[in-house]
Amino acid sequence: MIRLLLAEDQGMMRGALALLLGLEPDFEIVAQVGAGDEIVPRALETRPDVALLDIELPGRSGLDAAAALREALPACQVLILTTFGRPGYLRRAMEAGAAGFLVKDGPVEELAVAVRRVLAGERVIDPGLAAAALSAGPNPLTPRERDVLSAAVDGATVADIAAKVHLSPATVRNYLSSAIGKTQTRNRMEAVRAARQNGWL
């Protein structure tokens, strides 16, 4: 039996996914979680062979959880399953050690095949997304620029951002200016939007 952990914040989607995958004769759903910070503790309790993770999760993103899971339980293969097919997300998932990346709009049979393939040691990546990731190039933002833009998401002032990321307001302005230039936008909110659309945040 292939032991699966499902991480999806939408209860109905998680239940439907568990039901459909549970119909596969060689699959056993050993854990279901609705938040990113529940992934590693539940995986350590249940020892899944494959973890299917959404990206946008409360508590901790699926991408951050993927890296922590690969470190805590290296035998568990990670398959990212998301609505957000963004090239930057694919690149970050691969850097986090994910074995696969699929967009949720595919058929469940394709997902079952992907689970078996990642368990066999293969990488499984949505072909359209792979092509987009190659043409998009790497994330141009530094980790600090990403931190500052992430702190600016809700329209925070420079002083608020500085307090959140523990930098001086002048340094925050420099990082924002650099991020605006690299995203080829006119202001920080446009830079946030562009970075999100590319999966850089």
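Which residues in H2 meet which residues in H3?

Guide: This is a predicted model, in which local features need pLDDT of at least 70, side-chain atom pairs count only at pLDDT 80 or more, and totals for chains, interfaces and linings use all residues. Residues are numbered from 1 along each chain as its sequence is written, and side-chain values use heavy atoms, with hydrogens and water left out.

From H2, Ile39, Val40, Ala43 and Leu44 meet Ala65, Ala68, Leu69 and Ala72 of H3, where contact means heavy atoms within 4.5 Å. By class, this contact of H2 with H3 has eight nonpolar, no polar and no charged residues; Ala, Val, Leu, Ile, Met, Phe, Trp, Tyr, Cys and Pro count as nonpolar, Asp, Glu, Lys and Arg as charged, and the others, Gly among them, as polar.

H2 spans residues 39-46 and H3 residues 62-72; helices (H or I, at least four residues) are DSSP runs, numbered from the N terminus. Their axes come within 9 Å and cross at roughly 30°, which makes H2 roughly parallel to H3. Axes are lines fitted to C-alpha atoms, for helices over the stretch in contact, and angles run from 0 to 180 degrees between N-to-C directions. Angles under 35 degrees count as roughly parallel, over 145 as roughly antiparallel, 65 to 115 as roughly perpendicular and the rest as oblique. The crossing of H2 and H3 is right-handed, meaning that the near helix is turned clockwise from the far one by less than a right angle.

Note on methods. Helix = DSSP H or I, 4+ residues; strand = E, 2+ residues; numbered from the N terminus.
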